[in-house]
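Please keep the sequence and the three-dimensional view at hand while reading.

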Amino acid sequence: MNVIFMGTPGFAVPTLKKLYENGHEIKLVVTQPDKPSGRGKKLKKSEVKEAAEELGLSVFQPDKIKKQENIDILKSYDPDVIVVVAYGQILNREILTMPKYGCINVHASLLPELRGAAPLNWAIINGETMTGVTTMQMDVGLDTGDMLLKSEVEICEDMIVGELHDILMHKGADLLIETLNKLERNEIVPQKQDDLLSSYAPLLNNENRKISWSSTAKNIHDLIRGLSPWPTAYFTMDDKTVKVFKSSYKNDNTDYEPGYVIKASDEGIFVKAKDGIVILKEIQMPGKNKITVEAYLRGNKFPERIVLP
């Protein structure tokens, strides 16, 4: 097929490479503009742009894809299909209906569950034991298009979102190739999504990343692993932010109030939750690097018998 590929972060790179390896004619790679990064604000390429340049592919970086002059550029390539993986801009109807096979999206959930911006994170935060990827025929709604194919992945008890990300980005690449092959052979019957079964995966922000010690111990543990290694769960202590990357939990019926720091030892920092104890094992203090609690306590003290807000 003649393909226009749209994507930006590392999650999209395996799909781009699979398309190339499987002989599809990638006419154009569309990605977000280079953005200032780091202290020097040096322009940084997206991971998709870096991969495209390594493969010798043409790259297009419009600030707004819906401008008519940009749409006309896409039309000039006469694509059979537009493949979209975490591109980061909304496509209008003119783009969505442009190719013969439409725009096919690789979405990191088992639709109609977890439509929205952060499905990987929320699958773990919500305590799900199963997720996956779905290829979808895009429409003008938010992840509401007809479903094409799905691939399931089990979420292990202590899996963090970084691990799930790496599994699903390769699953998604394989599923996209299977989807295109079956579309060419007319072997897929698109399925409508049942809106009554849908759920939403909102953007992550300072509010929903903050640990609430009045939550259950399992919910706090799931929040921590659902945000590790990025953008990370956190709590505050003395009005400073402490990030948490790794934890465990256990049931405990002690009468301490939520947020009470029971002890800090080589095993971790033990904090009372609503119905148990969360054990913080890897943290990042303000202005410092990520470190295990065991290593941190070799040269520092963590206050005990206080109540964290």
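## Basis of the model

The structure is a predicted model, in which local features need pLDDT of at least 70 and side-chain atom pairs count only at pLDDT 80 or more, while totals for chains, interfaces and linings use all residues. Residues are numbered from 1 along each chain as its sequence is written, and side-chain values use heavy atoms, with hydrogens and water left out.

Helices (H or I, at least four residues) and strands (E, at least two) are DSSP runs, numbered from the N terminus. Two strands are said to pair if DSSP finds at least two bridges between them. Strands of a sheet pair through backbone hydrogen bonds, in either a parallel or an antiparallel sense.

Strand β1 (residues 2–7) is mostly covered, with 5 of its 6 residues buried; buried means under 20% relative accessible area, exposed means over 50%, and partly exposed lies in between (1.4 Å probe, protein chains only). β1 runs parallel to strand β2 (residues 25–30), to which 5 bridges join it, and Met6 stands opposite Val30 in β2. Strand β9 (residues 130–137), by contrast, pairs with β10 in the antiparallel sense over 8 bridges, with Val133 opposite Ser151 in β10.

## Strand β16 and its partners

Strand β16 (residues 276–284) has 7 of its 9 residues buried, so it is largely enclosed by the rest of the structure. Strand β13 (residues 240–251) pairs with β16 in the antiparallel sense over 8 bridges. Strand β15 (residues 268–272) is also an antiparallel partner of β16, over 4 bridges. Ile277 in β16 has Lys250 opposite it and also Lys272.

β16 takes part in two hairpins. In the hairpin with β15, 3 residues lie between the strands. Strand β17 (residues 291–292) pairs with β16 in the antiparallel sense over 2 bridges, and Ile291 in β17 is the bridge partner of Ile283. The hairpin of β16 and β17 has 6 residues between the strands, where Gly287 takes a positive phi near 75°.

## Nonpolar cores

In soluble globular proteins, nonpolar side chains tend to be buried together. A nonpolar core is here a set of buried Ala, Val, Leu, Ile, Met, Phe, Trp, Tyr and Cys residues joined through side-chain atoms within 4.5 Å. The largest core has 71 residues, among which Phe5, Phe235 and Leu280 touch the most other members. Helix α6 gives the largest share of this core, 9 residues. A second, separate core of 19 residues includes Met6, Ile65, Ile71 and Leu96.

Contact means heavy atoms within 4.5 Å. Leaving aside neighbours within four places in sequence, Leu280 is in contact with residues including Trp213, Ile224, Phe235 and Val293.

## Helix α8

Helix α8 (residues 217–226) has 8 of its 10 residues buried, so it is largely enclosed by the rest of the structure. Its buried residues include Ile220, Leu223 and Ile224, and also His221, Asp222 and Arg225. The cover over the buried residues of α8 includes α5, α6, α7 (206–209), β12 (233–237), β13 and β16.

## The largest pocket

The lining of the largest pocket comprises 40 residues, of which Ala86, Gly116, Ala117, Ala118 and Pro119 lie nearest its centre. β7 (103–107), α5 (119–125) and α6 each supply at least two residues of this lining. A pocket is an open set of points on a 1 Å grid over the protein atoms alone where a 1.4 Å probe fits, with protein on both sides within 12 Å along at least five of seven lines; lining residues have an atom within 4 Å of a point.

## Two individual residues

Gln193 lies in the loop between α6 (161–184) and β11 (200–201). Gln193 is buried, with a relative accessible area of 10%. Its side chain and that of Arg115 are joined by a polar contact of 3.1 Å; a polar contact is a pair of N or O atoms within 3.5 Å, where within protein one must be able to donate a hydrogen and the other to accept it, and residues adjacent in sequence count only if both atoms are side-chain atoms.

His170 is placed in helix α6 and is partly exposed, with a relative accessible area of 43%. His170 and Lys18 are 152 residues apart in sequence and 9.2 Å apart in space, C-alpha to C-alpha.
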